[in-house]
Amino acid sequence: MKLVNQEKAKVIKNSDTSSLLEYSIELDDKEVDFAINTIHGRYPETGYCTNRKCKELAYVLKGTGQICKKEKAYSFKEGDVILIDREEIYFWEGNCKIIMICTLPWYKEQCELIKE
């Protein structure tokens, strides 16, 4: 069993529109991680992103928005759950706070930004 106090979580700023409260550094697990993502606007700010290594399970803790693929947009609100498969190409847009659980653990180098 592991406990990570909020004070030990690390703030990571992805862009002007997205910041993470990242617990995985202290969690130090090889199979799963946990973060809280706060989004204000569009992330990434242009183009799309994809995760090459892990699935992401997102729970919308607060707010509303859309997660958009090239062919479709999905609207979400507080209380919704979003499953993002590895290598899906998408972007976020909204004003929201999202709990993110990743398996395998997320790290910045596996996340790729894709130009439009």
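In this predicted model, Glu71 and Lys69 are joined by a salt bridge in which the closest N and O atoms lie 3.7 Å apart. Glu71 is exposed, with a relative accessibility of 60%, whereas Lys69 is partly exposed, its relative accessible area being 24%. A further salt bridge is formed between Asp80 and Lys77, where the closest N and O atoms are separated by 3.3 Å; salt bridges with shared partners also connect Lys69, Glu71 and Glu88 into one network. Both Asp80, with a relative accessible area of 22%, and Lys77, with 49%, are classed as partly exposed.

The salt bridges number four in total. One of them brings together the side chains of Lys55 and Asp85, with a distance of 3.5 Å from N to O. This pair connects distant parts of the chain, since Lys55 belongs to strand 5 while Asp85 is placed in the loop between strand 7 (81–84) and strand 8, 30 residues apart. Lys55 is partly exposed at 31% relative accessibility, and Asp85 is likewise partly exposed, with a relative accessible area of 32%.

Strand 5, which spans residues 55–68, also contains Glu56. When neighbours within four places in sequence are set aside, the residues in contact with Glu56 are Asn51, Ile82, Leu83, Ile84, Tyr90, Met100, Ile101 and Cys102.

Cys102, listed among these contacts of Glu56, is itself buried, at 3% relative accessibility. The closest cysteine sulfur to that of Cys102 belongs to Cys54 and lies 4.1 Å away, which is too far for a bond. The structure accordingly holds zero disulfides. Cys96, too, is in no disulfide, the nearest cysteine sulfur being that of Cys68, 11 Å away. Cys96 is buried, with a relative accessible area of 5%.

Strand 8 covers residues 91–103 and includes Ile98, a residue that counts as buried at 0% relative accessibility. Apart from residues up to four places away in sequence, Ile98 touches Ala35, Ile36, Asn37, Ile39, Ala58, Tyr59, Leu61, Phe76 and Trp92. The C-alpha atom of Ile98 is separated by 9.7 Å from that of Asp80, a residue 18 positions apart from Ile98 along the chain; Asp80 is the partner of Lys77 in the salt bridge described above.

As regards confidence, the mean pLDDT of the protein chain is 92, and 98% of its residues reach 70 or more. Among the elements of the chain, the highest mean pLDDT, 98, is that of strand 6 (residues 73–77), and the lowest, 80, is that of strand 9 (residues 111–114). Where pLDDT is low, predicted coordinates should not be read in detail.

Methods: Residues numbered from 1 in each chain as written. Heavy atoms only, no water. Helix = DSSP H or I, 4+ residues; strand = E, 2+ residues; numbered from the N terminus. Contact = heavy atoms within 4.5 Å. Disulfide = S-S within 2.5 Å. Buried < 20%, exposed > 50% of the residue type's maximum accessible area, 1.4 Å probe, protein only. pLDDT = per-residue confidence, 0-100.
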